[in-house]
Amino acid sequence: MTSPSNRGAPVSTEPRINDRIRVPEVRLVGPNGEQVGIVRIEDALRLAQEADLDLVEVAAQARPPVCKLMDYGKFKYETAQKARESRRNQQLTVIKEQKLRPKIDPHDYQTKKGHVARFLSHGNKVKVTIMFRGREQSRPELGYRLLQKLAEDVAELGFVESNPKQDGRNMIMVLAPHKNIKPRVVKHDDDAPEADDAASEEA
């Protein structure tokens, strides 16, 4: 049990329980949510002990503070389980990137489109970058048309979240998966094609 001398420690976000509750009286709530009323702290602690439960301060700012009888260890375990489940279901947004040249050949385009489709099907956003070199910079419409074509080709899996815009020598568009596509955990080998992409761009 944490001693009062550790109040400045990070665990200060934890509610006070049992003899750490230093007030003369509390508004007591029973284990099933029933309102017991305002009782002396000694009586609340006695009731908790008799029921083999903990006295947990659930509303410290109230006057008097609200405390509830509960199995605090079980409560913490269930809260941690719910938090883990929530993190599992609420996948962090991952943004993948695909780089294309404005004059990409049809075979390479199909390969890149396949990667974009796979990323979207995994529930990831995709940042598509058209890289202009040399005189290509004077033909931004080539990149714009290519991005439009790509968006149309993967329309069943995703939509344009951020329209094409010029960024220096590049043109960037962001695609996002449709709401009905559930994110899934991406295995390490899913990133392998990206490494191949980077190598192909350098070639």
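The side chains of Glu-14 and Lys-76 come together in a salt bridge, with 3.5 Å from N to O, the term standing for a side-chain nitrogen of Lys or Arg within 4 Å of a carboxyl oxygen of Asp or Glu. Because Glu-14 lies in the segment before β1 (25–29) and Lys-76 in helix α2 (residues 72–89), this pair ties together parts that are 62 residues apart in sequence; helices (H or I, at least four residues) and strands (E, at least two) are DSSP runs, numbered from the N terminus. Glu-14 counts as partly exposed at 30% relative accessibility, and Lys-76 counts as partly exposed at 41%, where buried means under 20% relative accessible area, exposed over 50%, and partly exposed in between (1.4 Å probe, protein chains only).

This is a predicted model, in which local features need pLDDT of at least 70 and side-chain atom pairs count only at pLDDT 80 or more, while totals for chains, interfaces and linings use all residues. Residues are numbered from 1 along each chain as its sequence is written, and side-chain values use heavy atoms, with hydrogens and water left out.

A search of the whole structure finds 9 salt bridges. In one of them Glu-57 pairs with Arg-16, the closest N and O atoms being 2.7 Å apart; since Glu-57 lies in strand β3 (residues 54–59) and Arg-16 in the segment before β1, the pair ties together parts that are 41 residues apart in sequence. Glu-57 is buried, with a relative accessible area of 6%, whereas Arg-16 is partly exposed at 27%.

Glu-161 and Lys-125 also meet through their side chains in a salt bridge (2.9 Å, N to O). This pair links distant parts of the chain, with Glu-161 in strand β7 (residues 158–167) and Lys-125 in strand β6 (residues 125–131), 36 residues apart. Salt bridges that share partners also join Arg-40, Asp-43, Arg-46 and Glu-50 into one network.

Turning to the helices, the axes of helix α3 (residues 106–121) and helix α4 (residues 140–153) come within 10 Å and cross at roughly 55 degrees; axes are lines fitted to C-alpha atoms, for helices over the stretch in contact, and angles run from 0 to 180 degrees between N-to-C directions. The contact (heavy atoms within 4.5 Å) is made by Tyr-109, Lys-113 and Val-116 of α3 together with Leu-146, Lys-149, Leu-150 and Asp-153 of α4.
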